[in-house]
Every structure is written in structure tokens, then in C-alpha cells.
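Please look over the entry shown here with its chains and domains in mind. The report comes after it.

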Amino acid sequence: MAAITISELTKVYPGGVRALDALDLDVADGEFFALLGPSGCGKTTLLRTVAGLEAATSGTVALGGADVTRLPPGRRDVGMVFQDYALFPHMSVLDNIAYPLKIKKRSKADRHARAAEAADYLGLEGLGKRRPGELSGGQQQRVALARALVAEPRIFLLDEPLSNLDARLRLEARTFLKRLQKELAVTTVFVTHDQAEALALADRIAVMDKGRIRQLGTPTEVFRRPANLFVASFIGSTPMNLLPGRVEGDHVVAAGASLPLPDEARALAAGEEIVCGVRPEYLDYGDRPVDGAFAGRVSVVEHLGGSALVTLDVEGEPVHVVVGEGREPAPGDEGWALPRPGRVLLYRDGELVTAPGASEVPEPRMAPTGKENA
Amino acid sequence: MAPLTSPPSEAARRGGTAAASAGGDAAGLGRGRAAAFVAPALVLIAVFLVFPALWTLYLGTTDYRLTGIAASEPKFVGAHNYGDVLGDGDFHHSLWLTLQFVLGSAVIGQTLLGFAIAWVMRDRKGLVRRVVEALVLLAWILPGSVIAFLWIALLDRDGGTLNALLGTPGTAWLIDHPMACVIVFNVWHGTAFSMMLYGAALGNVPPSHLETARLAGASTLQTLRDAVLPRIRGHVLTSLLLISLWTFNDFTPFLITAGGPDHRSEIMSVYVYRTALGDGRLGFGAAISLVMILINLVIALVYLRALRERGRREPREAVTA
């Protein structure tokens, strides 16, 4: 168990690709932390540098306060699960789990006892004699987890832990992982490109792009108040509506709708060009004209199961609205989408407009609801 | 054979009617024409392989000599030659030297050196790798007579390069340590094949397996034992099979030491050459040749059996790969 402190970490690959760019990050002891970003954003490089599999070009990595930047991976006390699990096909499940202990020269009886214990804990009873090839994907992942945990590492790293599982198993494994992490309370960092996974699992998320962290926060913060347009367009399974607009007095005009200026954006001067962001989940659909609503014609209705995603054609701009079950309009209907109070975000030059002086108001910590992650 | 090469479904059924008229194969050639196509190759094989082999078998049962009365009227002597070969002290000595040669230069030397180079070069790119590979390959592709000359120049007693480098003028390497010279020479000559084969094999080991070992803190030897060797066992066996056979039959050492001094580097192929063509005892040489073929067969069978055993255990494991 240890906190991770990363400061000024830079990684430049031979050939000049700058995968990490003077990156600072603190992960608290016992935290479940997600590195989220599109492919090529440096998230996997960051994870591998923490593990010691990549050498940092400059900057430091500290575990539990001790600088480990120059330590080889074997002496960092780190458990890691690879995307392909990396189980040795010629070894039985128990031998695979006991592998780190074998390298640490524990006695055979000791390491088999510990491996069996870890296997039982992860729900692998009775599979100890099998080969990895005879297990399902979910079981293989648990073997890899058990192997990473058996030597009681200080931190735990997961590279795309759910990407090799099919959709049904993935949900199961997600719940399993979250419970396991809470029970063990070991500092865990995982890499994912799937924002829903990050929102569901992590205590905190770092959204990365081009070797830098674009936003750091709880899932709720990142989902509700994306700090910039990159995060706004990346987070959310239904992408956020981002409409170009202009400030006019105490109103914002975007896509033909005149919305009241949010309190935090009072400082904006009239006539300033902004981007108005509002999530489809935070728009209320109605079939009667309302003040301050986006008015348009329904062009597409997509069923999401418990709800439907309606695309309104508002003055040539598509506006997405999530509409509850049973209230779906038909394509061609006239419709109005009213933003809920306090849910409209304004972006100037790609950054979220916040109240001057006042730093980000901490949001009440709230578990994201199922709808938000679906 | 023929039906296997065509798509099994519809095409084969359609081919059925055509084949019936043309002789029962997918290509619609008919037996006669198919045989005609194969015939030239079969004739070549018969003339250059089967006939000499049978001729050797026959010669082995005669007292045929290169010169003298027995050259014009060879007499049938039955298994007499074979008995002589197996009881011959020179033959035992030569077999022992060949064993040293195969184990020392092929199984240990080329395999270890080739693997070591492939391992060190595995994630190296650019100039260093290309230069090393080019040098090792060069030793492999140069004609035997050329490299023999190079090695004689290297090991020469007076003015040899090695003596100049080591500061040991007058050391007659080829006379004092003929077998060691031949073994080192063959390691140098043949390492390229192992290097290339293991280079390709190491590409098959998933990087995450090597990294798992690194994270556990495994040493290089432990990594090789746990993560690498189990993955490349098939490649190791194939490589060992091929280079054992090649080395067993290799004649190039003759160009350097000519089997001498005093038969001290007379490996099997050189021994056959000396008895059959040097001493002119063709019948006796033919008998040795047959024994050599049998030894080759035994080596091949041992490896093939090991490969097959591995293949039988593998299919289950292939699922994870």
C-alpha cells in the first residue's frame, strides 16, 4: 500500500515521439485511479513508466515517498495485469499464480499455499491444476489478478483490464474488480480508453491527451463539468451537445435559443464568442414551445433501451436529447429541448468558463447513476 | 492429395462430373497425364539419388577397389565389409571425433552462440544489428574453399593472424589442436542459421510474458527458463535436427586439416573419403557410407519423435496463444 507521486515526468521515445510531457500526478494511498484517453495519449506509457518497464526521460516517480525512478521493475514491488493477461501456457493455474513467489525463492509448500489461498479468494477453487488454455476469459483474468496480488505488491497496475472480455463478462468483471479493490484497499491504477469503464470503476480519473493531463477529478466532476472541450467531447456515451454561440447582455444565444447566462459566467463581455455545452441527459424534451429551449424538428430517434436518443435539427445544428421511455417523438415532429437549470456550460477558447477568483466549487460526491454510464 | 487442394464444398461436387470423364482428380488431368508431369522429377530422383544409394549398398557387399585386380573383377563378399567397419579401430576413432564435432560445434557452439546473438539483438534496431547480422551471415554464405583459405591464413604457424594477435609466434594451432580448430571454425561458419531461426522464434514470445518475468524480478536465466524456452521448444528441436545432420555430414574441415595430423581430425565424412578414394577401398568405403546413413536416420528419428511428442501435448495450449 503506497501513494504514487509523479512529478515532471517526461518520456520521449527514440524517434522523437513525446509520449509524456512534464506530467505531474498524485495518486492517494488506497485509491482506485483511472488513466483515460484516446489511443496514443500516453496513458499506457505512464502506467509502464510507473511499473518500471519504460525508463523515464526525465522527472521522478515515487512510491510511498521513496523515489523509484531508477529502480528496475522487479524491485519496485508492483503488481501488474497485462491486457492479454500474459499467463504462461505451459504452467498450471497454481504455478502461474505462484510465479512471483518462485522468483522470490519462497519454499514450494509456502508458495503453493499462498497461491491456493489467492486462487480461492478470487473464485478459482478447483481450477488450480488446469492450464490457462482450459479457462474462460474471465477466469484467465482472475488468474492474472491473483498472480499480481500474491506477492502483496504496494501498488497494483491494470492495463486495459476489461478490453479482452466479451460484453456480458465485462460488466461482471467490472463489478468484481471494484469490490476486490475496495476489499484490498490497495492503490490501483488502471488504463482504459473506455470512458464508461473509467466512470464506473474509478475514485478519480485523469483524462489524458497528447502526454498531458487535461482534467483530473472524480467521475462526477469529470462527467458534469468537463474542464475543456476535449474532455467534454470525450466523456459520455452520448456525446455532449457543443453549440457555437454568443453572449448578449445577460443571455447566451446559441442555435437560435436564448439561454440565461450562468452565474459563473457573469464576467463575460457582451458579444464574446463561446461554445455552449449541454449533455443530452440534461435536456428536457417537450412538444410545446418553451422559453429558453432549443426548437427544432426531430430527425432521428435511436432507442437505447430504457430511453431514446432523439436528434433535433436546430437551425442546421444537430442537438441530441435523451427522452424517457414511452415519450419518444416520431421523426418529423416539432420538438423543444430545455436545458435544466445550472447544467449549461460555457467554453471560451476551449476552456470551461468559471467564476473569476473562485476556484472550482467541489461537487458533492455522488455515485454516477446507471443512466450516465450506460 | 488432389481433392484436398480444392475447396471442399461446391467446387468439389462440380468437379466430380468433370473428373469422372477425365480420370478422377480435381485438376481433371487423368492418371496418365498426371504421371507424365511427375515423371521427369521422378527420373531425376531415381538417377541421382535412388540408383547411387542402391549402388552403394551393392558396392558395400563387394571387395571393389579403385585399382588392381579387384577393380576389374570385384568379388561378392557379403556382409564381410560391414563386419570389418564395425570392428575397425579407425572407424571407432572417427565416430568419436564426429561426436565431438557435432556436440561441440553444432549442438553447443552454434546453438548457444546463435541464440545468444539473437537474444541480445532482439529489441535492437539500426546499425549495430545490421552490422552484426551481416558479419554472421557473411561467414555462412562464403564458399567453403574461400573460408578454408582464410582460416589457414588465420591459424598459420609462421605469420598467422592469430599468432600475431596473441603474440604467440610459432604456435602450430592446426597441429597442436586440430579438433578444437575445426570445432571453432564450424561454430563460426554455421552460427548464422541458428541466429536467424532463433531471431524469428523470439519474435513469437509475447512481450508481456517477458515483462511479467521482469516485474517479478526474474534474472535473465529465469526469464529464459520460464518465459522463453517453453515458447520456442519447437524451434529449438527443428534447429538442432537440421544442424546436427548438416554438421555430421560436413566435409569442409577436410579443406583445413585434411583429417590430420595423424587422423586426429578425421571426422566421419573425411574418413569415408580417405578410405574410399585415398586408400582406394571402394567396397569398404561404401559400407561406411551406409553406416553413416543409418546414424543420420537415427538422429532424425530421435528429433522427430521429440517434436511429435511436443505436438501431441500442444493443441490444448494453443488456445491461449
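This is a predicted model: local features need pLDDT of at least 70, side-chain atom pairs count only at pLDDT 80 or more; totals for chains, interfaces and linings use all residues.

Among the elements of chain A, strand β3 (residues 32–36) has the highest mean pLDDT, at 93, whereas helix α9 (residues 370–373) has the lowest, at 39. Over residues 358–374 of chain A the pLDDT stays under 50, and for this stretch the model has 21 contacts beyond four places in sequence.

The domain assignment divides chain A into domain 1 (4–227) and domain 2, which is made up of 237–355 together with 368–373. The C-alpha centres of domain 1 and domain 2 of chain A lie 38 Å apart, and the contact takes 9 residues from domain 1 of chain A and 6 residues from domain 2 of chain A. On the domain 1 side of that contact, α6 (195–201) and α7 (219–224) of chain A are the elements that give two or more residues.

Between the chains, 21 residues of chain A are in contact with 19 residues of chain B. Both β6 (78–81) and α2 (93–103) of chain A supply at least two residues each to the side that touches chain B, and α2(A) gives the most, with 3 residues.

The table sets out the two sides by residue class.

| Side | Nonpolar | Polar | Charged |
|---|---|---|---|
| Domain 1 of chain A, touching domain 2 of chain A | 7 residues | 1 residue | 1 residue |

Note on methods. Residues are numbered from 1 along each chain as its sequence is written. Chains are lettered from A and ligands numbered from 1 in the order in which they are written. Two residues are in contact if their C-beta atoms, placed from the backbone, lie within 7 Å. Helices (H or I, at least four residues) and strands (E, at least two) are DSSP runs, numbered from the N terminus. pLDDT is the predictor's confidence in each residue, from 0 to 100. Domain bounds come from an automatic or database domain assignment. Ala, Val, Leu, Ile, Met, Phe, Trp, Tyr, Cys and Pro count as nonpolar, Asp, Glu, Lys and Arg as charged, and the others, Gly among them, as polar.
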